[in-house]
Amino acid sequence: YKKGKIDLTKKVMVGKTYHKTVIFNNHIRYLDLNPYWTVPYSIATKEILPKLKRNLSYLNRQNMKVFSGGKVINPYNVDWSKVSRRRFPYTIRQEPGKKNALGTVKFMFPNKYNIYLHDTPSKSLFVKAERAYSHGCIRLDNPVQFAEYLLQDNPKWDAEKIEKVLEGKKNTRVSLDEKIPVYITYFTAWVDENGLTRFQKDVYGKDKEVMKVL
């Protein structure tokens, strides 16, 4: 919104029903171009560990590195058969690139839920009407356009500069001159710009909670 009116709209994907996107508000403070993805512990142990136990080449295919004590280690020197979900003293990080789960850019509003806006390699899912596919973060359609929009008043970061950095694949942080308010909301019914009432599926089952309160 700009001056009380909608200035830009974009499709998003949100958390699955068992990885709900949290409702809260914050401020976008900076952008990460060509971001790293530090894999959350739960995803590393529940989803990635079984895959690398079957075939360690999974890490190379996904452009991932393993860290121990803050240093990169050779995963072939680890006896993964002795590593479990409860005993996992490692950190897995995916490097910038086409396969990165965060895509080409992420928009950070640091919060205790570790939720943010980001790009995604799974762009085909944006054509679906229902888009609850993430682990909680918000995947954004055409995020480069949004980055250009947020930086439009910064002469150091025009579209050409952003594209050049993205092509270089180097992780680059860009701070915003002004913090951008973010309100994550959840509605199953609303009135659109034409005055028509719109309804959508209650994917998180929150309508029952509201009805109890009413």
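**Entry 1**

I began with Arg198, which counts as partly exposed at 37% relative accessibility (buried means under 20% relative accessible area, exposed over 50%, partly exposed in between, with a 1.4 Å probe and protein chains only). The model I am reading is predicted: local features need pLDDT of at least 70, side-chain atom pairs count only at pLDDT 80 or more, and totals for chains, interfaces and linings use all residues. Residues are numbered from 1 along each chain as its sequence is written, and side-chain values use heavy atoms, with hydrogens and water left out.

I then looked up the partner of Arg198. Its side chain meets that of Asp192 in a salt bridge of 3.8 Å, N to O (a side-chain nitrogen of Lys or Arg within 4 Å of a carboxyl oxygen of Asp or Glu). Asp192 is buried, with a relative accessible area of 13%.

**Entry 1: other salt bridges**

How many salt bridges does the rule give? The count comes to 7. I noted some of them.

Glu95 and Arg93 join their side chains in a salt bridge of 3.0 Å, N to O. I checked Glu95 for cover and found that it counts as buried, at 9% relative accessibility.

Lys82 and Asp79 form a salt bridge of 3.9 Å, N to O. Lys82 is exposed, with a relative accessible area of 61%, whereas Asp79 counts as partly exposed at 41%.

I also found a network of salt bridges that links Asp32, Lys106 and Arg173.

**Entry 2: the whole chain**

I stepped back to the chain. It has 5 helices and 13 strands (DSSP runs numbered from the N terminus, helices being H or I with at least four residues and strands E with at least two). The C-alpha trace spans about 60 × 50 × 30 Å along its principal axes.

Of the 214 residues, 37% count as buried. The chain exposes about 14,000 Å², and carbon and sulfur atoms supply 50% of that area (Shrake-Rupley method with a 1.4 Å probe; for residues, only the protein chains shown count as cover).

I looked up the contacts as well (heavy atoms within 4.5 Å). Among contacts in the chain with a separation of 6 or more, 67% are between residues 24 or more positions apart.

**Entry 3: helix 1**

Helix 1 covers residues 41-54, which makes 14 residues. From its first C-alpha to its last it reaches 19 Å, close to the 20 Å expected at 1.5 Å a residue (the expected span is 1.5 Å times one less than the number of residues).

Where does helix 1 bend? I found a bend of about 45° at Ile48, with a proline, Pro50, following within four residues (the bend is the angle between axes fitted to the seven residues ending there and the seven starting there).

Ile48 is also one of the buried residues of helix 1, along with Ile43, Ala44, Thr45, Leu49 and Leu52. I looked for what covers these buried residues, and the cover includes strand 3 (37-38), helix 2 (57-61), strand 4 (64-68) and strand 6 (91-94).

Ile162 lies in helix 4. At 1% relative accessibility, Ile162 counts as buried. Leaving aside neighbours within four places in sequence, Ile162 is in contact with Val144, Ala147, Glu148, Leu151 and Trp157. I took the C-alpha separation of Ile162 and Leu151, which are 11 residues apart along the chain, and it is 9.5 Å.

Lys156 sits in the loop between helix 3 (143-150) and helix 4 (159-168). Is Lys156 buried or exposed? It is exposed, with a relative accessible area of 64%. Lys156 and Leu166 are 10 residues apart in sequence and 15 Å apart in space, C-alpha to C-alpha.

**Entry 4: positive phi**

Lys3 is not a glycine, yet its phi is positive, at about 55°. Lys3 is placed in the segment before strand 1 (12-15), and it is exposed, with a relative accessible area of 83%.

Asn114 also has a positive phi, near 60°, in a residue other than glycine. I located Asn114 in the loop between strand 7 (105-108) and strand 8 (117-118).

**Entry 5: a surface patch**

Met211 lies in helix 5 (residues 207-213) and counts as exposed, at 59% relative accessibility.
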